[in-house]
Amino acid sequence: MSQESFAPVTGDWYYPAPEIVRDANIPDYEAVAQEAQADLQAFWAKQAEQLDWFKRWDQVMDDSQAPFYKWFVGAQTNIAHNALDRHARTWRRNKLALIWEGEPGDKQTFSYWRLWREVNKFANVLKSMGVNKGYRVTIYMGRIPELVMAMLACAKIGAVHSVVYGGFSEQALADRIEDAQSRVLITADGAWLRGNIVPLKETVDEAVHRSPVVESVIVVKRTGQEVNMEQGRDYWYHDLANLPIASPICETEVMDAEDPLFILYTSGTTGKPKGILHTHGGYQVYTSTTLSWVFDIKDHDRWWCAADPGWITGHSYIVYGPLILGATGLLYEGAPNYPYPNRWWKMIEDYGVTILYTAPTAIRGLMRFGDAWPNRHDLSSLRLLGSVGEPINPEAWRWFHRVIGKERCPIMDTWWQTETGGFMITPLPSVGLKPGSATRPFPGVEVDVVDEHGESCAPGIDGNLVIKTPWPSMLRTIYGDPDRFVNQYWTAYKEQGWYLTGDSARKDEDGYLWIIGRNDDVIKVSGYRLGTAEVESGLVSHPAVAEAAVIAVPDEVRGNVIYAYCIPRTGFAPNDQLIDEIKQHIRHEVGPIAVPSKIEFTETLPKTRSGKIMRRVLKARATGQPEGDLSTLEE
């Protein structure tokens, strides 16, 4: 069987309605892509002009020390100024910036004026703790408004925030504190999830014990249970916020465009987590431009990025991007199916959400409960949908489009990374879509699928996804480890100067890109490369399979064979006949080479808290090996 036989189907087109194209912020993808290609630096300078700068740049991009690129060199700015300060002086001061709902049902809203004042108070509290420009502050919280405020307060005074997702283990948190050398940590007593309290403060106490670099812990009261408060180290935020130190007026620190904004840790395939470093200037330009163009943000929109601020998706598209654009965003604390599987659909109806951006894992999880739950609710306010985090299988894409979008909402399937800061491969609302394809690069971004020698792969042939040109929100380094930065991302195609994404992909005849997955998520069977996403999509397209994960296990004859774990849909009883049916289905949908040698039914799959399946754990289970560190598992 040739590799071309695994090329995606290219005839399955979905086109946006004429009015969506007519009203789009960017109605003509080709025109802006050509403009960017003609003069990349002029293109990004034009986008930067949409923002406020204390001092304009002397040079758009400096590549003299590549791959340590610099953007908007010589400019002075602060992302908090563009996200809050400038709106507080205009009519937007009374517009809603943030709508928040807690899992138990409590609600809060923040106008731009109120959010600006609360951030100023938080910033002054941090200053009273000795935090100033260049200090690293670790934030470990649930999805509550104070998390957003803490991030913006750090940015406002020039401190570097390091947000750790509020579910990581003690050791994972301690490792990140140690790497960033954070002397101040912000947390909450707990968070609500599926009706239970996540004991954040307990985790913090243990992490600080393991990494005693922390001198002060600021604790937000959320759940109200008794927690340990260590004298001289731990402070309730509500006590500090009521002191004279917490003035609602705080001067914004003038930052160089290349000054650090945040560190965000992402797992490496080996070794300790990588502290990805982003800066004020280029990041604010790129996140606001991409959000404006891809999701067509208007002043009347209610935008819901249903991620966690603790991940890059939340940094870029819950906190910074929407606020820079003056948008109204929604933040929800809890689980999508608590107490019932209609929680999200009810919130869309209640708040008139116009754009929903979420992960395929969430879509598939809600799809398991059938169409009746969303069909109970009026979802007519929605006009755009989005997908992020992993390749979306066509079956989930079509369900999302048909049941949630009522076949009128284009789906913006975005590919990007913590390292890239913003969308890299993505549709715009005005382009034709193919279920499962992230379409083409964002204007100003040049990508290719190449072999190990740097030669472009023909359509239907998979290879390494590379980014050929620098972009404003690119990571500047791995914090404290510039050699690892160069080796990991820039050495494989050093001569060409390309960034190696670590993902496999392929192009089709129309130039659309199909992400296969991480290179370590590629299975080689009898010499043929199969993406885990490809096989999993085939499994999930069977009516009995709600969710699936596949791994490679060694085989003497074929090198590897495929071992599949499947979560059954309600109403289907796992048995040998069903296994045979699913195998025949895969033979038909993907090809004989993709038929799993074994299918095991399971109730759950091991996932990280960002929703990524931990295949190494599955592989250990399948081969009878130790499962190793499980601290980053969701459960």
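# Salt bridges and helix packing

Lys201 has a relative accessibility of 1% and therefore counts as buried, a class that covers residues under 20% relative accessible area, whereas exposed means over 50% and partly exposed lies in between (1.4 Å probe, protein chains only). The structure is a predicted model, in which local features need pLDDT of at least 70 and side-chain atom pairs count only at pLDDT 80 or more, while totals for chains, interfaces and linings use all residues. Residues are numbered from 1 along each chain as its sequence is written, and side-chain values use heavy atoms, with hydrogens and water left out.

Asp205, with a relative accessible area of 17%, is buried as well. Asp205 and Lys201 both belong to helix 8 (residues 200–210), where they stand four residues apart, about one turn of the helix; helices (H or I, at least four residues) and strands (E, at least two) are DSSP runs, numbered from the N terminus. Through salt bridges with shared partners, Lys201, Asp205, Glu230, Arg233 and Asp234 are joined into one network. A salt bridge here is a side-chain nitrogen of Lys or Arg within 4 Å of a carboxyl oxygen of Asp or Glu, and the whole structure holds 34 of them.

| Salt bridge | Closest N to O distance |
|---|---|
| Asp205 and Lys201 | 2.6 Å |
| Lys133 and Asp259 | 3.6 Å |

Lys133 is partly exposed at 41% relative accessibility, whereas Asp259, at 18%, counts as buried.

Val227 is found in the loop between strand 11 (216–220) and strand 12 (234–236), and at 19% relative accessibility it counts as buried. When its neighbours within four places in sequence are left aside, Val227 is in contact with Asp189, Lys201 and Trp236, contact meaning heavy atoms within 4.5 Å.

Two helix pairs can be described next. Helix 17 (residues 532–540) packs on helix 18 (residues 576–589) at an angle of about 125 degrees, with the axes 9 Å apart. That angle makes helix 17 oblique to helix 18, because angles under 35 degrees count as roughly parallel, over 145 as roughly antiparallel, 65 to 115 as roughly perpendicular and the rest as oblique. Val535, Gly538 and Leu539 of helix 17 make the contact with Ile582, His585 and Ile586 of helix 18.

Helix 10 (residues 280–294) and helix 11 (residues 312–324) have axes that come within 9 Å and cross at roughly 85 degrees, which makes helix 10 roughly perpendicular to helix 11. The residues of helix 10 that meet helix 11 include Tyr283, Gln284 and Thr287, and on the side of helix 11 they include His315, Tyr317 and Tyr320.

Conventions:
Axes are lines fitted to C-alpha atoms, for helices over the stretch in contact, and angles run from 0 to 180 degrees between N-to-C directions.
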